[in-house]
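Please look over the sequence and the fold before reading on. The text below goes from a sheet to the nonpolar cores.

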Amino acid sequence: MHRPSAPPVPPPAHRPATPGNRWWLTSPARVGFVLAVPLLGLVNTFLGFLLLVFAIVLIWKGNPWQKGVKVAATIGAMALLGAVVPDPPEDTVARTDGKATGRTADLIATPTPTPTPAADEKEPAPEPRPEAADFRGLRLDQARDKAGAAGFGVDDHNASDDGKSIWMRSNWTVCFQETGWTRSGTRTIDFGAVQTGAPCPEADGGAVPWPRMPDLVWKTWKTAHKEVVDLGIVADDRVRADTAYLNDQLPDAGEYDDWRVCVTDPAEGGDITLGTWVTLKLTDPDNGCPESDREDGNEVRLPDRDEDGDPDYRDPFPGDRNRDSTFPNGLPDSSSGSGGSSGGDGGHDWNCPGTRWC
């Protein structure tokens, strides 16, 4: 009796893998080792490096891949590990002269295993805040422009107690400045200013220390005028000269430098502020000042015997009403027709005997 033949045995190439096969030499295993390099490198750099070496060996040993694929796989594995390996700290990099620097040098020089705290592990010190320039003495508008250009937020206020508002900043001068910081970190500066020409208060918001009128009585016009101007508030053209007597008259400018001061306005001790006009009432040194019990020196007159308005001390003809220092040859008088002429000159009558008017 004929027995059926056994089924044919499959060729070795189609046999299923057995536990004894070298599975790590298969293509999926090689790819898996390459992909595992960065994962193990994240855990430990050294172990990741060892796995990289092993993966490169598997790529090239007994691998039927083409050479270009092997090169690409090798470069890819190295790049994957390099992407996960952290950069070395700057203080552990060796210097080019062969000497260690930073923390490496500390470890070499210190035999004890206990590390000392590094400077970079401490809380960083806050950056120093830059100081503002000194803007005191500048015009307020100039100080604001310079501070704004330096990055400051700028504000200003009246530094005195007079309550005036600042309108024309070009007419104000900086006396005080205070810097600060907002919560957002913006630098600020606040200027305290007074009107240009005024002295600064002793403290921000205080009274302006205006100068006071000095005692100028019986000083010459030249000396008194200089003292007032030297106070620094009143300009030269705001100091005026006047006569202490009602019927007196100042000579031409420059001719009364030696005349004496009898009365001042403001009076002695009065404030001299911006815009103040100073009047010095003068007299010829030969006359003296009006009596001190008179409130207003202009109520007092110098002797004038002929009552022509020209005081006797300067009248060349104190007894002749028709002749004085202004008209030494006589004055025209239309009140009297005696001794005059009429008709030929339009009917005017002149009191002109012995004068230049006839």
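The model is predicted: local features need pLDDT of at least 70, side-chain atom pairs count only at pLDDT 80 or more, and totals for chains, interfaces and linings use all residues. Residues are numbered from 1 along each chain as its sequence is written, and side-chain values use heavy atoms, with hydrogens and water left out.

Three strands make up an open sheet with mixed pairing, in the order E1-E3-E2. Strands (E, at least two residues) and helices (H or I, at least four) are DSSP runs numbered from the N terminus, and two strands pair if DSSP finds at least two bridges between them. Strand E1 (153-158) and E2 are the edge strands, each pairing on one side only. Direction ignored, neighbouring strands of this sheet are turned by 25° against each other on average, with axes fitted as lines to C-alpha atoms and angles running from 0 to 180 degrees between N-to-C directions.

E2 (residues 172-181) and E3 (residues 187-195) are antiparallel and share nine bridges. Trp172 stands opposite Gln195, and Val174 opposite Ala193. Five residues lie between the strands of this hairpin, where Gly185 has a positive phi near 95°.

The largest nonpolar core has 15 residues; Met213, Leu216, Val228, Val234, Leu280 and Leu282 have the most contacts inside it. Helix H6 (221-229) and strand E6 (278-283) each give two or more residues to this core. Such a core is a set of buried Ala, Val, Leu, Ile, Met, Phe, Trp, Tyr and Cys residues joined through side-chain atoms within 4.5 Å, where buried means under 20% relative accessible area (1.4 Å probe, protein chains only). A second, separate core of 12 residues includes Ala55, Ile59, Ala73 and Leu81.

How values were computed. Buried means under 20% relative accessible area, exposed over 50%, partly exposed in between (1.4 Å probe, protein chains only).
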